[in-house]
Amino acid sequence: MPGFGRAVQEEISAANLPSMPHILAELLRLCQDPAADFQHMARMVERDPVLSSQLISAANSAHFSRHGHVNSIERALLLMGTDALKTIAITASVQQLARYFSNVEASFLKSFWRRSLYGALIAKSLALMTSYSAPDEAYLLGLVHNLGELVLLVNYPEQYPHLLVDPKSNPEPMEQAQFHTTHSELSAYMVNEWGLGSLAADAVLYHHAALEEVCDSHHLTKIICLATQLAAEPISELHPIDPVCAEASERLFGMNAALTAQIAAKVTKEVVKIAGSLGIDLQTGNHTDLQRVNSTLGQRLQRQMLTPDGNALAEITLDTEEQSAETLSRTINLLFGYRNSLFLPYLPERNCLNFLVEGDSAGAIEVALTTSDSLVAKAARNRAIVCSADMANDGDTLKILDRQLMRLCDASSLVCLPVVEDDVLLGVIAMGDTRGTPPDEIKRSMLTDFAHQVASAQKHTLLNVEAASEQVDHLKAQVRAIVHEVNNPLAIVRNYLDALSAGGDMPQDSPQFQVLKEEVDRAAQILLRLQDLEAQSDSSSEMGLLNQEIRSLVAVLQGSICKTNGTECVLQLSPKLEKVKVPRNQLRQIVSNLVKNSVEAMTYGGKVMIATTYAGPALELIIADNGPGLPSEVSRSLFRPGITTKGKGHSGLGLSITRSLVDELKGTITCQSGKAGTKYRITLPAE
């Protein structure tokens with residue numbers, strides 16, 4: 001982007017930016033808390049500029065670009081899902097534990113965090129007060145407008161903190177003189193890289209601009225500029241609004257000093273309240289809270305990593321049964337910041353790496369390991385990470401294949417990571433690096449560990465492909481046989497319903513008759529769909545009111561499977577969702593499957609709670625029971641076909657179908673299970 005000093009920005013690393021450890025520790029606690037929900041996590045993320053920037057960057061990567069630009073934290077979290085957030089939290093925590101904060105850095109970090117949160121809250125308040133159409137965007141930009149300061153701190157830890165002695169002064173002239181760029185340019189560069197648009201980047205770029213220059217600028221630029229001035233020092237009874245801020249408020253928005261001071265003082269109280277709830281000491285120069293929380297962070301990180309298979313990070317980021325190029329690339333983006341990645345599998349019978357370019361009819365790229373001097377070939381032969389940036393420093397020339405892989409990764413540099421298991425080469429991951437900075441020793445170590453996880457997952461997948469294929473074929477044959485058998489009793493039930501209606505025992509216009517008739521018809525349709533498991537489901541369906549559909553369905557379940565098992569269904573349906581419409585067939589299938597799962601897993605007399613809640617841009621459907629919980633080995637593979645705890649006679653397809661239906665609705669489903677019971681949490685767009 002012109003005016004950003006792009007060459008300078010590309011030379012400065014924006015990796016490993018520090019978050020407030022207090023927020024990371026609390027976020028890890030939420031990741032382990034079965035009661036924590038989408039809103040709890042969103043509130044925690046939106047209090048930290050670094051976590052927010054990582055989430056927004058990932059949400060606007062190529063994998064999610066079809067959803068349009070994401071300019072709010074809640075929408076990014078809804079799109080990415082809580083598992084992605086857990087990955088970000090764990091990765092940031094690992095990096096944070098390797099960091100030591102001196103007193104100067106600790107003071108800087110606390111000041112930066114306070115000004116960022118203050119700027120975000122002020123920006124949103126100003127946006128609402130002045131009727132700006134996107135207050136969440138204003139909040140996000142108010143939160144990250146100073147992110148360039150952290151970039152300069154990480155790259156120049158000795159020199160930079162001393163430039164910010166006076167929070168009211170503009171450090172840009174000194175930054176430009178010493179580092180040939182400014183924190184505003186760096187922040188705007190990142191906002192532009194996220195794809196938020198030129199107006200958003202301009203708002204961040206000009207947040208220290210003179211009042212005369214800002215007066216006729218875009219609404220968003222005015223908001224961030226005034227928020228920056230007000231965030232320099234908390235406004236309170238002891239620190240009233242100064243004349244410069246009062247003049248800016250009057251000239252930019254026609255707001256008098258008293259009103260501006262009232263808004264700012266309210267935000268000051270909110271920031272103090274948030275800091276107190278997290279244990280962040282903003283009032284004194286004592287920084288023992290950072291050391292204490294870093295210790296807590298280490299303990300929580302250790303608990304998070306100690307899962308039955310010994311590696312929570314692999315469990316969160318890798319789906320070994322359905323691993324795809326997109327899944328792998330998205331995982332690498334979340335963990336290490338490389339925006340696009342390619343996996344080149346190794347073909348031992350031909351001693352080459354092979355890669356098929358998507359949508360290209362010209363055939364695959366083959367890289368012969370005996371003759372090629374490309375980066376990926378060197379990484380494969382040497383079983384070591386190879387970077388194009390290192391070659392450039394040594395004066396070596398890149399091969400045409402290297403440049404082609406860079407273009408496919410949409411990057412100016414390439415990092416090649418060999419995937420090896422027990423000295424057996426499985427392939428090479430080519431990762432696009434937009435900044436051209438070689439990974440340091442810590443990052444190289446993490447990349448190597450990650451490659452071992454990928455290798456282990458790949459090997460496990462290859463060993464089970466044949467067995468899984470046989471199991472699926474067997475399930476298909478079973479389903480087709482069952483379809484024919486079940487159609488006969490369905491016809492009998494339908495005829496019996498007609499007889500009840502004709503005899504007056506259950507009038508056709510009664511709710512019970514309509515629900516039973518619709519469920520019998522839907523069961524017949526499901527059986528027809530199951531005749532071809534590979535057929536695409538029909539995404540178009542009749543819409544129904546969320547809460548009303550749940551009430552009607554539960555009334556039927558209460559009189560059938562729940563009555564037989566002595567189970568009580570408890571409804572907690574949000575009044576805010578009474579008029580929200582959802583595809584009724586998919587909803588009924590999802591609720592039926594999960595309630596039946598809960599009922600069949602419990603002993604006589606259990607309880608199933610069904611709740612709906614409104615969570616900002618999303619709605620949540622929760623189905624929880626007080627049963628014995630699921631074995632850990634089942635929990636990790638719960639949504640895969642054939643996985644069941646019900647024993648002989650159950651196919652294990654119910655939860656796999658449920659997950660497919662949730663995916664079809666562009667939602668997410670998670671399961672938390674323990675001795676207190678099992679809880680399914682489904683998040684769906686509330687449109």
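This is a predicted model: local features need pLDDT of at least 70, side-chain atom pairs count only at pLDDT 80 or more; totals for chains, interfaces and linings use all residues.

Student: How many helices and strands does the protein have?

Tutor: Helices (H or I, at least four residues) and strands (E, at least two) are DSSP runs, numbered from the N terminus. The protein has 29 helices and 13 strands.

Student: With which residues is Leu-150 in contact, leaving aside its neighbours within four places in sequence?

Tutor: Contact means heavy atoms within 4.5 Å. On that basis Leu-150 is in contact with Leu-17, Pro-18, Val-50, Phe-108, Leu-109 and Phe-112. For the protein, among contacts between residues at least 6 apart in sequence, 68% join residues at least 24 apart.

Student: At what angle do α7 and α9 pack?

Tutor: Axes are lines fitted to C-alpha atoms, for helices over the stretch in contact, and angles run from 0 to 180 degrees between N-to-C directions. Angles under 35 degrees count as roughly parallel, over 145 as roughly antiparallel, 65 to 115 as roughly perpendicular and the rest as oblique. Helix α9 (residues 147-155) packs with α7 at about 165 degrees, the axes being 10 Å apart. The two helices are therefore roughly antiparallel to each other. A crossing is left-handed if the near helix is turned anticlockwise from the far one by less than a right angle, and right-handed if clockwise; that of α7 and α9 is left-handed.

Student: Which residues make this contact between α7 and α9?

Tutor: An α-helix has 3.6 residues a turn, so residues three or four places apart point the same way. Here α7 supplies Glu-105, Phe-108, Leu-109, Phe-112 and Arg-115, and α9 supplies Leu-147, Glu-149, Leu-150 and Leu-153. For classes, Ala, Val, Leu, Ile, Met, Phe, Trp, Tyr, Cys and Pro count as nonpolar, Asp, Glu, Lys and Arg as charged, and the others, Gly among them, as polar. The contact of α7 with α9 has 6 nonpolar, no polar and 3 charged residues.

Student: How is α9 placed against α11?

Tutor: α9 and α11 pack at about 110 degrees, with axes 7 Å apart. That makes α9 roughly perpendicular to α11. Leu-147, Gly-148, Glu-149, Val-151 and Leu-152 in α9 meet His-183, Leu-186, Ser-187 and Met-190 in α11. These residues divide into 5 nonpolar, 3 polar and 1 charged. Helix α11 (residues 183-193) is mostly covered, with 9 of its 11 residues buried.

Student: Where does His-180 lie, and is this residue buried or exposed?

Tutor: His-180 lies in the loop between α10 (172-179) and α11. His-180 is exposed, with a relative accessible area of 55%. Its phi is near 65 degrees, a positive value in a residue other than glycine. Just after α11, Gly-195 also takes a positive phi, of about 85 degrees.

Student: In which loop is Asp-423 found, and in which strand is Leu-426?

Tutor: Asp-423 is in the loop between β5 (413-421) and β6. Asp-423 has a positive phi of about 65 degrees although it is not a glycine, and is exposed, with a relative accessible area of 60%. Leu-426 belongs to strand β6 (residues 424-433) and is buried, with a relative accessible area of 19%. The C-alpha atoms of Leu-426 and Leu-347, 79 residues apart along the chain, are separated by 8.1 Å.

Methods: Residues are numbered from 1 along each chain as its sequence is written. Side-chain values use heavy atoms; hydrogens and water are left out. Buried means under 20% relative accessible area, exposed over 50%, partly exposed in between (1.4 Å probe, protein chains only).
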